[in-house]
Amino acid sequence: MEETVNIPDLSFINICNEKYGINRGVYNTIDAWFYNQGLHQIIKRRQTIILFLEYIKEKYMTENGPCKFGHGGLTVKLEEYYFSYVP
């Protein structure tokens, strides 16, 4: 994970897209949400984003493709994860 969180921004977004099916818009929303929760250090925020996406992958993704968040669904999942797993 250490190498992944230190790569350039576009490369990091591409990894999120390839591995988790998250497009740039969804990534930007996730990034901004964690920033607004106080995760201002980019390395810590990227680590948290990866852990969040792994959580989503395990809990919600199906074999048919990436998780569809729906209207307001991303925020619900971010809150569910953040308030349960982030110290």
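A nonpolar core here is a set of buried Ala, Val, Leu, Ile, Met, Phe, Trp, Tyr and Cys residues joined through side-chain atoms within 4.5 Å, where buried means under 20% relative accessible area with a 1.4 Å probe, protein chains only. This is a predicted model, in which local features need pLDDT of at least 70, side-chain atom pairs count only at pLDDT 80 or more, and totals for chains, interfaces and linings use all residues. Residues are numbered from 1 along each chain as its sequence is written, and side-chain values use heavy atoms, leaving out hydrogens and water.

Start by selecting I22, I30, F34, F52 and L53: of the 23 residues in the largest nonpolar core, these touch the most other members. Next, colour α2 (9-20), α3 (24-36), α4 (42-59) and α5 (73-85), each of which supplies at least two residues of this core. Which helix gives the largest share? It is α4, with six residues.

Now centre on F34 and show what surrounds it. Leaving aside residues up to four places away in sequence, F34 touches L39, R45, T48, I49, F52, L78, Y81 and Y82 (contact means heavy atoms within 4.5 Å).

Zoom out to the cartoon. The protein has five helices and zero strands (DSSP runs of H or I, at least four residues, for helices, and of E, at least two, for strands, numbered from the N terminus). Its C-alpha atoms fill a box of roughly 30 × 25 × 20 Å along the principal axes.

Finally, colour by burial: 34% of the 87 residues count as buried.

How values were computed:
Buried < 20%, exposed > 50% of the residue type's maximum accessible area, 1.4 Å probe, protein only.
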